[in-house]
Amino acid sequence: MDERVRILDGSCEELKERMVAWGEPPYRADQIWRWLLRAGETDPARMTDLPSSVRARLAAETILNPLTPLTEVVSRDRLARKVLFALADGQTIEAVLMLYDRRRTVCISTQAGCGMGCLFCATGLSGFARNLTPGEIVAQVLHFARWLRDPEAGGRDAAPIPRPTTITNVVVMGMGEPLANYQATWQALRMLTDPQGFGLGARHITLSTVGLVPGIDRMAAEPLQVGLAVSLHAPTDELRDQLVPINRRYPLASLLAACHRYVARTRRRITFEYALMHGINDEVAQARQLADLLHGLLCHVNLIPLNPVEGSPFQPSSPARTRAFLE
């Protein structure tokens, strides 16, 4: 087992204690923190304002980047890049960079696999392996931050828009259920929003859950103004029990009550994600049920074309059914 210290799994205060233990002044931790989270630098040799002795110990005794990129897939329009990362124990996760005119959004994972078992989701069907650490979550954002700052990155696959250089948004919507890995996820979000860390505004982050009611209530009490998205996908308990098994523990009445409490406490709008599946949840009558279910709640409904899984009976709705549902 690798016994090197994973710097990104701790805090800057813990790093200061380590510097003191190394016989260094505490401010060395601030320098290292800036290199890691502001510059995205993972090579101690390039941390030029550190003495050579500190750089040598960082290289020998710590892990500054817990992710190893394995493969990358670029969309046809070159505006999205998905990277498969290997973790130290051999597990793998995915993260995606999406480029828009004004936004550069990273979609990150919080677990290797997922235990929620949603029938239409490839990750859910693969099962749960383990929770990610705070450093493994943050490192996904830092990977793409480095890529954006590198003028040579992408080559022929570079996006056909003026090259953006900073990440503007993070969505916690990748592999796993964030509220089932609450402590590590929120430690990572604090690092990303810390002015002395990555420095991203909390309102530029959205976290998506399948509906873990205790987690939603806990999130409502957090001081960070992170946005909440709920993966709904069905307007009735009968259908949602089948598609999203966690609904049997937290049925719609319980989930919607938590959403009302969240809005009352935070005054922030919730996004409900609804993946349209042909012949499953895309009837006009179901659209009316959905409207009735959410009536009176400060919210937005995001209709999503289902991303089909090979061999799955769940397929995306046709454009005509999607338009009818939307109307």
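Trainee: Which residues are linked with Glu13 in a network of salt bridges?

Mentor: In this predicted model, Glu13, Lys16 and Asp30 are linked in a network of salt bridges, and the structure as a whole holds 13 salt bridges.

Trainee: Why is the pairing of Glu13 with Lys16 called a salt bridge?

Mentor: The closest N and O atoms of Glu13 and Lys16 are 3.5 Å apart, and a salt bridge asks for a Lys or Arg side-chain nitrogen within 4 Å of an Asp or Glu carboxyl oxygen, so the pair qualifies. Both residues belong to helix α1 (residues 12-21), where they are three residues apart, about one turn of the helix.

Trainee: What makes Lys16 partly exposed?

Mentor: Its relative accessible area is 21%, and buried would require a value under 20%, exposed one over 50%; Lys16 therefore counts as partly exposed.

Trainee: Where do Arg261 and Asp217 lie, the two residues whose side chains meet in a salt bridge?

Mentor: The side chains of Arg261 and Asp217 meet at 2.9 Å, N to O, and this pair links distant parts of the chain, with Arg261 in helix α9 (residues 252-266) and Asp217 in helix α7 (residues 213-220), 44 residues apart. Arg261 has a relative accessibility of 40% and Asp217 a relative accessible area of 29%, so both fall between the 20% and 50% limits and are partly exposed.

Trainee: Which salt bridge involves Glu24, and are Glu24 and its partner buried or exposed?

Mentor: Glu24 meets Arg28 in a salt bridge of 3.6 Å, N to O, and both Glu24 and Arg28 are buried.

Trainee: Why is α7 described as roughly parallel to α9?

Mentor: The axes of α7 and α9 come within 9 Å and cross at roughly 5°; angles under 35 degrees count as roughly parallel, which makes α7 roughly parallel to α9. The residues making the contact include Ile216, Asp217 and Met219 of α7, and Leu255, Ala258, Arg261 and Tyr262 of α9. By class, this contact of α7 with α9 has seven nonpolar, two polar and three charged residues.

Trainee: How do you know that Cys114 is buried?

Mentor: Cys114 has a relative accessible area of 9%, and buried means under 20%, so the term applies to Cys114. Cys114 is found in the loop between β7 (111-113) and α4 (122-126), and, leaving aside neighbours within four places in sequence, Cys114 is in contact with Thr123, Gly124, Gly127, Phe128, Gly176 and Glu177. The C-alpha atoms of Cys114 and Gly127 are separated by 5.3 Å, although the two residues are 13 residues apart along the chain.

Technical notes. Residues are numbered from 1 along each chain as its sequence is written. This is a predicted model: local features need pLDDT of at least 70, side-chain atom pairs count only at pLDDT 80 or more; totals for chains, interfaces and linings use all residues. Side-chain values use heavy atoms; hydrogens and water are left out. Helices (H or I, at least four residues) and strands (E, at least two) are DSSP runs, numbered from the N terminus. Buried means under 20% relative accessible area, exposed over 50%, partly exposed in between (1.4 Å probe, protein chains only). Axes are lines fitted to C-alpha atoms, for helices over the stretch in contact, and angles run from 0 to 180 degrees between N-to-C directions. Angles under 35 degrees count as roughly parallel, over 145 as roughly antiparallel, 65 to 115 as roughly perpendicular and the rest as oblique. Contact means heavy atoms within 4.5 Å. Ala, Val, Leu, Ile, Met, Phe, Trp, Tyr, Cys and Pro count as nonpolar, Asp, Glu, Lys and Arg as charged, and the others, Gly among them, as polar.
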